[in-house]
Amino acid sequence: MEFPRFLFYASIILSISLFLFPTMADALGINYGQIADNLPSPEDVVPIVKSIGATKVKLYDADPTVLKAFANTGVEFVVGLGNEYLDKMRDPAKAQAWVKQNVQSHLPATKITCVFVGNEVLTFNDTSLSDNLLPAMQSVHAALVSLGLDKQVTVTTTHSLAILETSYPPSAGAFRQDLVDCLSDTLSFHQKTGSPFLINAYPFFAYKGNPKQVPLEFVLFQPNQGIVDPTTNLHYDNMLYAQIDAVYNALATVGYKKLPVHISETGWPSKGDDDEFGATPDNAKKYNGNLIKLMSKKTGTPMRPNSDLNIYVFALFNENLKPGPTSERNYGLFKPDGTPAYSLGISSTNNIVGSNNTTTAGGNIGKPPTTTTPPASPTSSSTGYLSISSATERYRFVGNSLIITLSLIKMLL
């Protein structure tokens, strides 16, 4: 039987990675999208996931072939319920049936730790979705409780940064006023059930929208002068951390200061259309490599230096069937044959797969939040996700959080 080429490469990378950067493993999560017709089998994906030291995987559905393939590997899974299921999940009986089939049946062999119900629902301005979101989350949680699984599996949902009305400076981060009431009910659910608040954040869109105004070094975690929040005097030298702190402040403003924030998606495309400035293999290498390097340091953001970063990189593979601009099909760390889409590099000094570029030290890293487009994130494996992900959707949202203020531009330049 011929040894598949992608498995050959993955096995080599795995053997090297386990030797050179064992400390990275407990930090990295990866989004495993499947909107493609040329991906390796889930069984062959296992060594690829392990090759980058990832111990957490986020699916956009609950694909049983994937969950079975990762049984007894120790990899933790977040599984998804697409937006198209929200109405059905209001029904406790249907929620219980779904949990039994898609969660309980795989435990404990496969470590499912979280179910996210709906993707970026609140920024669709679709009341048929938003009205069903919390009831669906509550039904899924109730099903977990009835099956005795609620202590090991949490329930949450994902949000676009477009839920923010203000994001610069980070200390002024605030939710959109029209979403506060709806968000407050959801946040109360998170607090009561102990589930995390998930945000999809893409500095790439800030740079793509303003390549002459946003310093590339600032979005790629490279050395730069950064910016100082005038209220807190905290220094930010990358965009992502400033985005995260803007979310922390928004949560604190509405009374949920202690809720954990996880970044459910972030990444950088290695290829794009002519107008997708910055979408190159070199920039993707720098963004993802430097991000992984930062994660290995186990430092928090300037506002929350002692909080663990839980970040899921988007994405594992390039996905050839995704709609939208070229970038949408080129977020993968790997090509479908299992070979790297670009070289992340391997550094024994930093104990991680990282780029050859250095990144600034420690936890003083962050981005100027309000910078441009709160991303609506790329798409991955579920039908519900597909409906959310075209690049044109990402630019639907206009408001303070999408505009770089003149004062910010001056500070960055």
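The largest pocket of this predicted model is lined by 13 residues. Of these, T113, P196, H262, N310 and Y312 lie nearest the centre of the pocket. The space within the largest pocket amounts to about 220 Å³. Four strands each contribute at least two residues to the lining, namely β2 (56–58), β3 (76–81), β4 (111–119) and β11 (261–266). By class, the lining comprises five nonpolar, five polar and three charged residues.

Most peptide bonds are trans, and most residues other than glycine have a negative phi. The peptide bond from L107 to P108, however, is cis, with omega near 0°. P108 is located in the loop that runs between α5 (92–102) and β4. A cis peptide bond is also found between Y168 and P169, where omega is about -10°. In this case the proline, P169, belongs to the loop between β6 (164–166) and β7 (174–175).

Helix packing was examined for α6 (residues 127–146) and α7 (residues 180–193), whose axes are 10 Å apart and meet at an angle of about 10°. Because angles under 35 degrees count as roughly parallel, α6 and α7 are therefore assigned to that class. On the α6 side, the contact is formed by S130, L134, M137, Q138 and H141. The partners on α7 are C182, D185, T186, F189, H190 and T193. Taken by class, the residues of the contact between α6 and α7 are four nonpolar, six polar and one charged.

The average pLDDT is 82, and 77% of the residues score at least 70. Over residues 6–26 the pLDDT stays under 50, and the model has 47 contacts beyond four places in sequence for this segment. A further stretch, residues 346–411, has a pLDDT below 50. For residues 346–411 the model contains 251 contacts beyond near neighbours in sequence.

Key
Residues are numbered from 1 along each chain as its sequence is written. This is a predicted model: local features need pLDDT of at least 70, side-chain atom pairs count only at pLDDT 80 or more; totals for chains, interfaces and linings use all residues. Side-chain values use heavy atoms; hydrogens and water are left out. Axes are lines fitted to C-alpha atoms, for helices over the stretch in contact, and angles run from 0 to 180 degrees between N-to-C directions. Angles under 35 degrees count as roughly parallel, over 145 as roughly antiparallel, 65 to 115 as roughly perpendicular and the rest as oblique. Contact means heavy atoms within 4.5 Å. Ala, Val, Leu, Ile, Met, Phe, Trp, Tyr, Cys and Pro count as nonpolar, Asp, Glu, Lys and Arg as charged, and the others, Gly among them, as polar. pLDDT is the predictor's confidence in each residue, from 0 to 100. On a 1 Å grid over the protein atoms alone, a cavity is a set of points where a 1.4 Å probe fits but cannot get out, and a pocket is an open set with protein on both sides within 12 Å along at least five of seven lines; lining residues have an atom within 4 Å of a point. Grid points are joined across faces, edges and corners, and a volume is the space filled by probe spheres set on the points.
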